Amino acid sequence: MLSRTADHLYWMARYTERAENTVRMLDVSYRMSLLPRNNGSHDDGWGAILAISELTEAFARTGRPLTPRDVIEFVVLDRNNLSSVWNCLRAARENAHAVRGTLTAEMWETTNATWLEIRDMTPEKLQATDLGEFFEWVKFRSHLLRGVTFGTMLHDDAFQFVRLGTFLERADNTARLLDVKYHSLLPQNESPTSTTDYYQWGALLRSVSAFETYRHVYRDVITPYKVAELLILNDAMPRSLHSCVDAVNDILGQIANLHSAEAARQAGELHATLHYGRMDDIFDTGLHPWLERFLERINRLGDRIGDNFLVPVAA
(Lines give C-alpha, C1' and ligand atoms only; values in the text may rest on other atoms or scores of the structure.)
Protein backbone atom coordinates (compact mmCIF):
# COMPACT_ATOMS: atom_id res chain seq x y z
CA MET A 1 0.00 0.00 0.00
CA LEU A 2 1.08 3.62 -0.43
CA SER A 3 3.42 4.84 2.29
CA ARG A 4 1.42 8.06 2.64
CA THR A 5 -1.77 6.13 3.37
CA ALA A 6 0.06 3.89 5.84
CA ASP A 7 1.55 6.98 7.50
CA HIS A 8 -1.85 8.63 8.08
CA LEU A 9 -3.42 5.44 9.43
CA TYR A 10 -0.47 4.77 11.71
CA TRP A 11 -0.47 8.28 13.18
CA MET A 12 -4.25 8.44 13.47
CA ALA A 13 -4.01 5.40 15.74
CA ARG A 14 -0.99 6.68 17.68
CA TYR A 15 -2.56 10.05 18.42
CA THR A 16 -5.84 8.46 19.53
CA GLU A 17 -3.98 6.06 21.82
CA ARG A 18 -1.80 8.91 23.12
CA ALA A 19 -4.87 10.95 24.07
CA GLU A 20 -6.32 7.97 25.93
CA ASN A 21 -3.08 7.20 27.76
CA THR A 22 -2.65 10.86 28.70
CA VAL A 23 -6.02 10.99 30.45
CA ARG A 24 -5.26 7.65 32.10
CA MET A 25 -2.17 9.22 33.65
CA LEU A 26 -4.13 12.30 34.67
CA ASP A 27 -6.85 10.14 36.14
CA VAL A 28 -4.47 8.19 38.38
CA SER A 29 -2.84 11.41 39.65
CA TYR A 30 -6.26 12.95 40.23
CA ARG A 31 -7.40 9.89 42.19
CA MET A 32 -4.19 9.81 44.20
CA SER A 33 -4.46 13.51 45.02
CA LEU A 34 -7.72 12.73 46.83
CA LEU A 35 -6.03 10.13 49.04
CA PRO A 36 -3.85 10.73 52.12
CA ARG A 37 -0.13 10.61 51.38
CA ASN A 38 2.41 9.04 53.69
CA ASN A 39 5.48 10.22 51.78
CA GLY A 40 6.12 13.17 49.53
CA SER A 41 3.83 16.06 48.74
CA HIS A 42 0.70 16.12 46.66
CA ASP A 43 2.63 18.04 44.01
CA ASP A 44 4.82 15.01 43.33
CA GLY A 45 2.12 13.28 41.28
CA TRP A 46 1.52 16.28 39.05
CA GLY A 47 5.23 16.75 38.45
CA ALA A 48 5.38 13.05 37.55
CA ILE A 49 2.69 13.56 34.90
CA LEU A 50 4.91 16.13 33.19
CA ALA A 51 7.97 13.92 33.57
CA ILE A 52 6.23 10.91 32.02
CA SER A 53 5.35 12.93 28.92
CA GLU A 54 8.67 14.81 28.83
CA LEU A 55 6.81 18.09 29.28
CA THR A 56 8.55 19.41 32.40
CA GLU A 57 10.53 22.09 30.56
CA ALA A 58 7.61 23.06 28.32
CA PHE A 59 5.38 23.53 31.35
CA ALA A 60 8.05 25.55 33.17
CA ARG A 61 8.22 27.95 30.20
CA THR A 62 4.53 28.78 30.67
CA GLY A 63 5.30 30.24 34.11
CA ARG A 64 2.35 28.43 35.65
CA PRO A 65 2.52 27.09 39.20
CA LEU A 66 2.63 23.33 39.68
CA THR A 67 -0.98 22.94 40.74
CA PRO A 68 -3.52 20.28 39.69
CA ARG A 69 -5.62 22.83 37.82
CA ASP A 70 -2.70 24.28 35.85
CA VAL A 71 -1.17 20.91 34.98
CA ILE A 72 -4.51 19.49 33.86
CA GLU A 73 -5.27 22.53 31.69
CA PHE A 74 -1.80 22.38 30.14
CA VAL A 75 -1.89 18.65 29.44
CA VAL A 76 -5.49 18.59 28.22
CA LEU A 77 -6.10 21.87 26.39
CA ASP A 78 -2.91 23.85 25.76
CA ARG A 79 -2.80 24.60 22.02
CA ASN A 80 0.99 25.10 22.15
CA ASN A 81 1.53 21.70 23.74
CA LEU A 82 1.63 19.32 20.77
CA SER A 83 1.07 16.36 23.10
CA SER A 84 -2.04 17.81 24.74
CA VAL A 85 -5.23 15.79 24.50
CA TRP A 86 -6.76 18.58 22.41
CA ASN A 87 -3.91 18.48 19.89
CA CYS A 88 -3.80 14.67 19.82
CA LEU A 89 -7.50 14.42 18.95
CA ARG A 90 -7.12 17.19 16.38
CA ALA A 91 -4.16 15.40 14.77
CA ALA A 92 -6.03 12.07 14.79
CA ARG A 93 -8.95 13.70 12.99
CA GLU A 94 -6.66 15.38 10.42
CA ASN A 95 -4.93 12.10 9.64
CA ALA A 96 -8.28 10.33 9.36
CA HIS A 97 -9.56 13.04 7.00
CA ALA A 98 -6.52 12.59 4.75
CA VAL A 99 -7.40 8.90 4.20
CA ARG A 100 -11.17 9.15 4.55
CA GLY A 101 -11.63 6.90 1.52
CA THR A 102 -9.70 4.12 3.25
CA LEU A 103 -11.75 4.27 6.46
CA THR A 104 -15.23 2.90 6.95
CA ALA A 105 -18.03 5.39 7.53
CA GLU A 106 -18.20 4.40 11.20
CA MET A 107 -14.48 5.03 11.73
CA TRP A 108 -14.63 8.47 10.17
CA GLU A 109 -17.80 9.47 12.01
CA THR A 110 -16.34 8.36 15.35
CA THR A 111 -13.07 10.24 14.87
CA ASN A 112 -14.75 13.36 13.54
CA ALA A 113 -17.43 13.44 16.25
CA THR A 114 -14.78 13.12 18.96
CA TRP A 115 -12.92 16.14 17.59
CA LEU A 116 -16.10 18.20 17.22
CA GLU A 117 -17.00 17.56 20.86
CA ILE A 118 -13.64 18.67 22.25
CA ARG A 119 -12.84 21.38 19.70
CA ASP A 120 -14.53 24.21 21.59
CA MET A 121 -13.51 23.05 25.06
CA THR A 122 -12.06 25.90 27.12
CA PRO A 123 -10.39 25.96 30.55
CA GLU A 124 -13.60 27.41 31.98
CA LYS A 125 -15.70 24.60 30.50
CA LEU A 126 -13.19 22.01 31.68
CA GLN A 127 -13.30 23.34 35.24
CA ALA A 128 -17.09 23.20 35.18
CA THR A 129 -16.95 19.58 34.04
CA ASP A 130 -16.58 16.59 36.35
CA LEU A 131 -12.98 15.60 35.65
CA GLY A 132 -13.61 11.92 36.23
CA GLU A 133 -16.42 11.97 33.67
CA PHE A 134 -14.25 13.85 31.17
CA PHE A 135 -11.41 11.34 31.52
CA GLU A 136 -13.87 8.49 31.03
CA TRP A 137 -15.28 10.22 27.95
CA VAL A 138 -11.85 10.40 26.28
CA LYS A 139 -11.18 6.74 27.11
CA PHE A 140 -14.62 5.76 25.82
CA ARG A 141 -14.08 7.57 22.50
CA SER A 142 -10.78 5.73 22.05
CA HIS A 143 -12.44 2.41 22.90
CA LEU A 144 -15.22 3.20 20.44
CA LEU A 145 -12.81 3.87 17.59
CA ARG A 146 -10.93 0.63 18.25
CA GLY A 147 -14.23 -1.24 18.34
CA VAL A 148 -15.53 0.09 15.04
CA THR A 149 -12.10 -0.38 13.47
CA PHE A 150 -11.99 -4.04 14.43
CA GLY A 151 -15.65 -4.60 13.63
CA THR A 152 -16.00 -2.76 10.31
CA MET A 153 -12.59 -2.39 8.62
CA LEU A 154 -11.27 -4.95 6.16
CA HIS A 155 -8.45 -6.81 7.91
CA ASP A 156 -5.85 -5.97 5.30
CA ASP A 157 -2.58 -4.01 5.42
CA ALA A 158 -4.42 -0.77 6.22
CA PHE A 159 -5.94 -2.40 9.29
CA GLN A 160 -2.52 -3.68 10.36
CA PHE A 161 -1.01 -0.19 10.26
CA VAL A 162 -3.78 1.06 12.55
CA ARG A 163 -2.95 -1.75 14.97
CA LEU A 164 0.78 -1.12 14.65
CA GLY A 165 0.42 2.52 15.68
CA THR A 166 -1.83 1.56 18.59
CA PHE A 167 0.48 -1.03 20.12
CA LEU A 168 3.70 0.94 19.70
CA GLU A 169 2.15 3.96 21.42
CA ARG A 170 0.67 1.80 24.16
CA ALA A 171 3.99 0.10 24.91
CA ASP A 172 5.74 3.45 25.17
CA ASN A 173 3.13 4.91 27.50
CA THR A 174 2.86 1.86 29.76
CA ALA A 175 6.63 1.86 30.26
CA ARG A 176 6.66 5.60 31.05
CA LEU A 177 3.79 5.32 33.51
CA LEU A 178 5.32 2.36 35.31
CA ASP A 179 8.77 3.95 35.47
CA VAL A 180 7.66 7.22 37.04
CA LYS A 181 4.81 6.00 39.21
CA TYR A 182 6.60 2.93 40.55
CA HIS A 183 9.41 4.93 42.08
CA SER A 184 7.16 7.72 43.33
CA LEU A 185 5.03 5.17 45.23
CA LEU A 186 7.75 2.85 46.54
CA PRO A 187 8.94 4.12 49.94
CA GLN A 188 12.67 4.40 50.49
CA ASN A 189 14.41 1.32 51.84
CA GLU A 190 11.37 -0.83 51.10
CA SER A 191 11.83 -4.21 49.46
CA PRO A 192 10.26 -4.65 45.99
CA THR A 193 8.31 -7.61 47.38
CA SER A 194 6.75 -5.89 50.40
CA THR A 195 3.22 -4.52 50.65
CA THR A 196 2.66 -0.80 50.12
CA ASP A 197 -0.40 1.38 50.35
CA TYR A 198 -3.27 -0.62 48.83
CA TYR A 199 -5.18 2.39 47.57
CA GLN A 200 -2.22 4.05 45.88
CA TRP A 201 -1.27 0.89 44.01
CA GLY A 202 -4.92 0.22 43.27
CA ALA A 203 -5.19 3.63 41.60
CA LEU A 204 -2.12 2.86 39.48
CA LEU A 205 -3.60 -0.46 38.36
CA ARG A 206 -6.92 1.19 37.54
CA SER A 207 -5.09 3.71 35.34
CA VAL A 208 -4.28 0.85 32.96
CA SER A 209 -7.56 -1.03 33.53
CA ALA A 210 -5.68 -3.75 35.40
CA PHE A 211 -7.14 -3.73 38.92
CA GLU A 212 -9.57 -6.62 38.39
CA THR A 213 -6.98 -8.42 36.28
CA TYR A 214 -4.45 -8.20 39.12
CA ARG A 215 -6.93 -9.71 41.58
CA HIS A 216 -7.76 -12.48 39.13
CA VAL A 217 -4.12 -13.36 38.40
CA TYR A 218 -2.59 -13.07 41.87
CA ARG A 219 -5.52 -13.35 44.31
CA ASP A 220 -3.29 -11.60 46.86
CA VAL A 221 -2.50 -8.20 48.32
CA ILE A 222 -1.09 -5.66 45.89
CA THR A 223 2.71 -5.55 45.94
CA PRO A 224 5.08 -3.47 43.78
CA TYR A 225 6.89 -6.56 42.50
CA LYS A 226 3.70 -8.17 41.20
CA VAL A 227 2.39 -4.91 39.73
CA ALA A 228 5.61 -4.60 37.73
CA GLU A 229 5.43 -8.25 36.69
CA LEU A 230 1.85 -7.87 35.47
CA LEU A 231 2.58 -4.73 33.44
CA ILE A 232 5.86 -5.97 31.98
CA LEU A 233 5.87 -9.74 31.46
CA ASN A 234 2.27 -10.98 31.48
CA ASP A 235 1.46 -11.56 27.81
CA ALA A 236 -2.26 -12.04 28.58
CA MET A 237 -2.55 -8.51 30.02
CA PRO A 238 -3.62 -6.25 27.09
CA ARG A 239 -1.56 -3.23 28.18
CA SER A 240 1.56 -5.08 29.29
CA LEU A 241 4.83 -4.50 27.47
CA HIS A 242 4.96 -8.19 26.53
CA SER A 243 1.47 -8.14 25.02
CA CYS A 244 2.15 -4.95 23.03
CA VAL A 245 5.47 -6.19 21.65
CA ASP A 246 3.88 -9.56 20.80
CA ALA A 247 1.37 -7.69 18.63
CA VAL A 248 4.01 -5.47 16.99
CA ASN A 249 6.17 -8.48 16.19
CA ASP A 250 3.23 -10.31 14.65
CA ILE A 251 2.09 -7.31 12.59
CA LEU A 252 5.56 -6.71 11.16
CA GLY A 253 5.59 -10.31 9.98
CA GLN A 254 2.33 -9.71 8.11
CA ILE A 255 3.30 -6.43 6.42
CA ALA A 256 6.96 -7.26 5.70
CA ASN A 257 8.52 -5.72 2.60
CA LEU A 258 11.94 -5.83 0.96
CA HIS A 259 13.31 -3.17 3.32
CA SER A 260 11.87 -4.21 6.68
CA ALA A 261 14.29 -6.96 7.76
CA GLU A 262 15.97 -4.72 10.34
CA ALA A 263 12.64 -3.64 11.83
CA ALA A 264 11.64 -7.30 12.08
CA ARG A 265 14.98 -8.15 13.73
CA GLN A 266 14.61 -5.38 16.33
CA ALA A 267 11.02 -6.38 17.09
CA GLY A 268 11.99 -10.06 17.38
CA GLU A 269 14.89 -9.26 19.69
CA LEU A 270 12.67 -7.13 21.95
CA HIS A 271 9.99 -9.82 21.91
CA ALA A 272 12.53 -12.46 23.00
CA THR A 273 13.69 -10.21 25.86
CA LEU A 274 10.15 -10.06 27.22
CA HIS A 275 9.10 -13.61 26.35
CA TYR A 276 12.06 -15.18 28.16
CA GLY A 277 12.60 -12.46 30.76
CA ARG A 278 12.27 -12.94 34.51
CA MET A 279 11.33 -10.29 37.03
CA ASP A 280 14.17 -11.25 39.37
CA ASP A 281 16.66 -10.48 36.59
CA ILE A 282 14.93 -7.17 35.80
CA PHE A 283 15.07 -6.08 39.45
CA ASP A 284 18.71 -7.20 39.68
CA THR A 285 19.43 -4.89 36.73
CA GLY A 286 17.31 -2.15 38.29
CA LEU A 287 13.77 -1.43 37.15
CA HIS A 288 14.47 2.18 36.16
CA PRO A 289 17.54 1.36 33.97
CA TRP A 290 15.64 -1.57 32.44
CA LEU A 291 12.64 0.59 31.54
CA GLU A 292 14.87 3.36 30.17
CA ARG A 293 16.53 0.78 27.95
CA PHE A 294 13.13 -0.53 26.85
CA LEU A 295 11.99 2.99 25.91
CA GLU A 296 15.15 3.52 23.88
CA ARG A 297 14.55 0.26 22.03
CA ILE A 298 10.84 0.81 21.36
CA ASN A 299 11.51 4.33 20.10
CA ARG A 300 14.33 3.10 17.89
CA LEU A 301 11.97 0.47 16.52
CA GLY A 302 9.40 3.17 15.81
CA ASP A 303 12.04 5.15 13.90
CA ARG A 304 12.95 2.05 11.88
CA ILE A 305 9.28 1.41 11.05
CA GLY A 306 9.03 5.01 9.89
CA ASP A 307 12.04 4.55 7.61
CA ASN A 308 10.77 1.25 6.19
CA PHE A 309 7.07 1.89 5.72
CA LEU A 310 6.03 5.51 6.22
CA VAL A 311 6.53 8.93 4.64
CA PRO A 312 10.11 10.14 5.24
CA VAL A 313 10.37 12.96 7.77
CA ALA A 314 11.57 16.20 6.16
CA ALA A 315 15.05 17.24 7.25
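Entry 1, the pocket. I started with the largest pocket, which is lined by 17 residues, with Y10, W11, G302, D303 and G306 lying nearest its centre. This is a predicted model, where local features need pLDDT of at least 70 and side-chain atom pairs count only at pLDDT 80 or more, while totals for chains, interfaces and linings use all residues. Residues are numbered from 1 along each chain as its sequence is written, and side-chain values use heavy atoms, with hydrogens and water left out.

I noted a volume of about 350 Å³ for the largest pocket. The elements giving two or more residues to its lining are α1, α9 (157-185) and α16 (287-309). α16 gives the most, six residues. (Helices are DSSP runs of H or I, at least four residues, and strands are runs of E, at least two, numbered from the N terminus.) By class I get eight nonpolar, three polar and six charged residues in the lining of the largest pocket. (Ala, Val, Leu, Ile, Met, Phe, Trp, Tyr, Cys and Pro count as nonpolar, Asp, Glu, Lys and Arg as charged, and the others, Gly among them, as polar.)

How the search works: on a 1 Å grid over the protein atoms alone, a pocket is an open set with protein on both sides within 12 Å along at least five of seven lines, a cavity is a set of points where a 1.4 Å probe fits but cannot get out, and lining residues have an atom within 4 Å of a point. Grid points are joined across faces, edges and corners, and a volume is the space filled by probe spheres set on the points.

I found five cavities of 30 Å³ or more. The largest cavity has a volume of about 80 Å³. Its lining has 13 residues, and T16, L89, T114, R141 and L145 are the closest to its centre. α1, α5, α6 (105-119) and α8 (131-152) each give two or more residues to that lining. α8 gives the most, with four.

The axes of α1 (residues 3-33) and α5 (residues 85-98) come within 8 Å and cross at roughly 160°. (Axes are lines fitted to C-alpha atoms, for helices over the stretch in contact, and angles run from 0 to 180 degrees between N-to-C directions.) So α1 is roughly antiparallel to α5 (the cut-off is over 145 degrees). Residues in the contact (heavy atoms within 4.5 Å) include W11, Y15 and T16 of α1 and C88, L89 and N95 of α5. I sorted the residues of this contact into 12 nonpolar, four polar and two charged.

I looked up α11 (residues 211-218) and α12 (residues 224-232), which pack at about 105° with axes 11 Å apart. That makes α11 roughly perpendicular to α12 (65 to 115 degrees).

Terms used
Parallel < 35°, antiparallel > 145°, perpendicular 65-115°, else oblique.
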